[in-house]
Amino acid sequence: MEVCRKGNEAPLHIPSKEVHIGELYLAKRGLSTVPDLSRFSQLRYVWLNNNRIKDVHGNMFNCCLAELYLQNNEITSISGSLRHLTCLRVLLLHNNQLKDLEEMVAELRNMHCLQTVKVMQAERTHAFRLFSPERQRILDTLAFGRRALTCPAGRKMTQDTLKLRCNVSERIENILWI
C-alpha cells in the first residue's frame, strides 16, 4: 500500500499483507491522510504526529491499539473513528483544529482504559464550562484558593458582609477540595 505525501516526494510504502508489526512510526512524514492500519492485528503503538492530517474517519486502527499520537496535525473531527478503540491508554490530540468538543467527548466515552489524554488549558477550561457549569461559576470567583471578596458594582462591603463571605468561602473550599 502506498500513501501519498505532500509535494513530489516518493510515496510512503506500507506492507499490503498482514505483517506482525507492533509499533509504527509515521511522524513528520508530511501525511495528509491516515492510512488504513486496521489489518495489523499486533499493532499497539502508532505515531502520526507532526503531519498534515485533516480527518480521521472510519475504523483505520485495530481495536487493540494502546497508544495513538495524533498531535500537531490539522484534524478538525474524530467523529466515528476512535470509539472502537476500547483498549486505548494514551491519546494525544493537542495542537489540532478540533471543532466540536461534545462530539469528541462522546467519541472517548467507551475508552475505559484511557489514562492520558493531552489537551490544552483553553480546551480544558471550555470542557469544564460545558460539562460542569455550576462548579466553573464557583471556580471563576476564586482567587488563589480563596473566594474573591468583591461586592457587586455600586455596593459597599460592610464588616458583616465580609465575615459572611469569608465563612461561605471556607465552606466552598472544603467542598471543592474534598
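This note sets out numbered points on the fold, core, cysteines and backbone of a predicted model.

1. Overall composition. The predicted protein comprises four helices and nine strands. Read along the sequence, these elements follow the pattern β-β-β-β-β-β-α-β-α-α-β-β-α. Of the 178 residues in the protein, 31% are buried. Among contacts with a separation of 6 or more, 32% join residues 24 or more positions apart.

2. Five strands form an open sheet in the order 3-4-5-6-7, with parallel pairing. Its edge strands are strand 3 (23-25) and strand 7 (116-118), each of which pairs on one side only. From one strand to the next, the twist averages 5 degrees. In general, strands of a sheet pair through backbone hydrogen bonds, and the pairing may be parallel or antiparallel.

3. Strand 3 pairs with strand 4 (residues 45-47) in the parallel sense, and three bridges connect them.

4. Helix 1. This helix spans residues 101-108, and its buried residues are Leu101, Met104, Glu107 and Leu108. Viewed down the axis of helix 1, these buried residues fall within an arc of 120 degrees, and therefore they line one face of the helix. The reader may note that the buried set includes Glu107.

5. Nonpolar core. The largest nonpolar core contains 27 residues. Leu48, Phe61, Leu68 and Leu82 are the residues with the most contacts inside this core. Nonpolar side chains tend to be buried together in soluble globular proteins.

6. Surroundings of Phe61. Leaving aside residues up to four places away in sequence, Phe61 touches Val34, Leu37, Ser38, Val46, Leu48, Val56, Leu68, Leu82, His84 and Leu85.

7. Cysteines. The count of disulfides is zero. Cys64 takes part in no disulfide, and the nearest cysteine sulfur, that of Cys63, lies 4.0 Å away. With 31% relative accessibility, Cys64 counts as partly exposed. For Cys113, the closest cysteine sulfur is that of Cys87 at 5.6 Å, which is too far for a bond. Cys113 also counts as partly exposed, because its relative accessibility is 38%. The cut-off behind this reasoning is that a disulfide requires a pair of cysteine sulfur atoms within 2.5 Å.

8. Asn50. This residue has phi near 55 degrees, a positive value in a residue other than glycine. Asn50 lies in the loop between strand 4 and strand 5 (67-69). At 28% relative accessibility, Asn50 counts as partly exposed.

9. Asn72. Although Asn72 is not a glycine, its phi is positive, at about 60 degrees. Asn72 is placed in the loop between strand 5 and strand 6 (90-92). Its relative accessibility of 29% is the reason that Asn72 counts as partly exposed.

Conventions. Residues are numbered from 1 along each chain as its sequence is written. This is a predicted model: local features need pLDDT of at least 70, side-chain atom pairs count only at pLDDT 80 or more; totals for chains, interfaces and linings use all residues. Side-chain values use heavy atoms; hydrogens and water are left out. Buried means under 20% relative accessible area, exposed over 50%, partly exposed in between (1.4 Å probe, protein chains only). Helices (H or I, at least four residues) and strands (E, at least two) are DSSP runs, numbered from the N terminus. The arc is that of the directions from the helix axis to the C-beta atoms. Two strands pair if DSSP finds at least two bridges between them. Axes are lines fitted to C-alpha atoms, for helices over the stretch in contact, and angles run from 0 to 180 degrees between N-to-C directions. A nonpolar core is a set of buried Ala, Val, Leu, Ile, Met, Phe, Trp, Tyr and Cys residues joined through side-chain atoms within 4.5 Å. Contact means heavy atoms within 4.5 Å.
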